[in-house]
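Keep the picture in view as you read.

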Amino acid sequence: MVVFGLSLNSCSNRTKAEQAGWDLSVQSFTFHKFNLMEALDKTRELGVKYIEVYPGHKLGGKWGDKVFDFNLDEQTQKELREIAEEKGVRIVGSGVFVSDSKEDWEKMFRFAKSMDLEFITCEPPLELWDYVEELSDKYGIKVSVHNHPQPSDYWNPQNLLDAIAERSENIGSCSDVGHWNREGLNHLDCLRKLNGRIISLHIKDIKPKEKGVEWQDDTIWGQGCLGIKDMFEILKEQQFKGYLSIEYEYNWDNSVPDIKKCIEEFNRVTDEIL
């Protein structure tokens with residue numbers, strides 16, 4: 001995994017998780033009520049070094065309401081990378097990208113290459129898989145397939161495995177453990193099923209189901225029903241290496257204090273098991 005800055009290469013400054021190849025990142029939708037410049041500042045405040053930016057996130061700063069997507073000119077891309085690096089943050093991915101257009105997929109991969117991204121989080125149409133795989137090989141960008149709830153084709157991990165079984169190892173899952181649980185699937189079994197095919201995760205903990213309440217809100221890691229340690233034990237067994245993107249979809253206006261507690265739990269558990 002590519003890192004920048006000499007300070008990031010010092011083993012003495014790296015956590016056990018980082019030494020194992022587990023890198024925390026922020027999914028910028030966590031801060032969608034703020035522009036990207038503000039999201040980068042919040043990511044820095046959290047001490048997180050990486051961010052995955054969702055298409056459509058307003059840039060802010062001198063760009064105002066201009067959004068992060070494949071239409072950005074090369075100069076803006078360059079300046080965004082430089083600003084992020086100045087804040088100690090690297091933009092490593094973008095998603096969730098969805099399109100039925102082959103032209104849009106070409107633009108997205110070209111943009112990812114230009115922005116020096118490692119992966120695209122996406123949900124490709126089943127009929128475009130050959131083309132998406134071709135683009136992944138052409139541009140050297142990993143494809144991390146997200147699992148939105150039904151009617152997404154990928155709500156069940158078996159559907160994804162059926163689609164990519166004979167495809168490149170650079171194609172796999174962006175495992176959103178919360179969506180699996182909310183869909184009535186056992187998220188631990190889903191992780192086990194995807195052994196060797198997990199590119200990245202949208203990691204979270206959610207509140208237990210309550211009678212009469214349809215949606216399970218996100219909560220501070222370790223206080224919900226997903227079993228953070230159980231999930232991490234599975235990733236350890238699978239020798240996972242990649243990004244665990246924090247997607248905290250609660251307390252939108254002031255989530256940084258909650259996320260700091262999530263990171264404390266992440267460090268506590270990974271220090272224990274790694």
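Let's start with a single side chain. Lys107 counts as partly exposed, at 27% relative accessibility; the scale calls a residue buried under 20% relative accessible area, exposed over 50%, and partly exposed in between (1.4 Å probe, protein chains only). Lys107 has its place in helix α4, where helices (H or I, at least four residues) and strands (E, at least two) are DSSP runs, numbered from the N terminus. Between Lys107 and Phe97 there are 12 Å in space, C-alpha to C-alpha, and the two are ten residues apart in sequence.

A word on the ground rules. This is a predicted model, in which local features need pLDDT of at least 70 and side-chain atom pairs count only at pLDDT 80 or more, while totals for chains, interfaces and linings use all residues. Residues are numbered from 1 along each chain as its sequence is written, and side-chain values use heavy atoms, with hydrogens and water left out.

At 33% relative accessibility, Ser114 is partly exposed. Leaving aside neighbours within four places in sequence, Ser114 is in contact (heavy atoms within 4.5 Å) with Gln77 and Arg81. Glu74 lies 40 residues from Ser114 in sequence, yet the C-alpha atoms of the pair are 7.7 Å apart.

How do α4 and α5 run relative to each other? The axes of α4 (residues 102-114) and α5 (residues 129-139) come within 10 Å and cross at roughly 20°. That makes α4 roughly parallel to α5. Axes here are lines fitted to C-alpha atoms, for helices over the stretch in contact, and angles run from 0 to 180 degrees between N-to-C directions. Angles under 35 degrees count as roughly parallel, over 145 as roughly antiparallel, 65 to 115 as roughly perpendicular and the rest as oblique. On the α4 side, the contact is made by Lys102, Trp105, Glu106, Phe109, Arg110 and Lys113, and on the α5 side by Tyr131, Val132, Leu135, Ser136, Lys138 and Tyr139.

Within α5, the buried residues are Trp129, Tyr131, Val132, Glu133, Leu135, Ser136 and Tyr139. These buried residues pack against α4, β5 (142-146), α6 (157-164) and β6 (171-176). Just after α5 comes Gly140, with a positive phi of about 70°.

**Helix pairs side by side**

| Helix pair | Crossing angle |
|---|---|
| α4 and α5 | roughly 20° |
| α2 and α10 | roughly 40° |
| α2 and α3 | roughly 25° |

With its crossing at roughly 40°, α2 is oblique to α10. The residues that meet are Lys42, Glu45 and Leu46 in α2, and Val256, Ile259, Lys260 and Ile263 in α10. In contrast, α2 and α3 are roughly parallel to each other. Leu36, Met37 and Leu40 of α2 make that contact with Leu80, Ile83 and Ala84 of α3.

Helix α3 also holds Glu85. Glu85 is partly exposed, with a relative accessible area of 45%.

Now for the inside. In soluble globular proteins, nonpolar side chains tend to be buried together. A nonpolar core means a set of buried Ala, Val, Leu, Ile, Met, Phe, Trp, Tyr and Cys residues joined through side-chain atoms within 4.5 Å. The largest one in this model has 76 residues, and Leu36, Phe68, Trp129, Phe232 and Leu244 touch the most other members. Helix α10 (residues 256-273) supplies the largest share of this core, seven residues.

Phe232 is worth a look. Apart from neighbours within four places in sequence, Phe232 is in contact with Trp22, Ile203, Leu244, Phe266, Val269, Thr270 and Ile273.

Which residues of α9 are buried? In this helix (residues 228-237), they are Ile228, Met231, Phe232, Ile234 and Leu235. They cover an arc of only 155° around the axis, which puts them on the same side of α9; the arc is that of the directions from the helix axis to the C-beta atoms. Just after α9, Gln239 has a positive phi of about 55°.

**A buried arginine**

Last stop: α7 (residues 177-182), where Arg182 is found. Is Arg182 buried or exposed? Arg182 is buried, with a relative accessible area of 13%. Setting aside neighbours within four places in sequence, Arg182 is in contact with Lys204, Ile206, Trp215, Gln216, Asp217 and Asp218.
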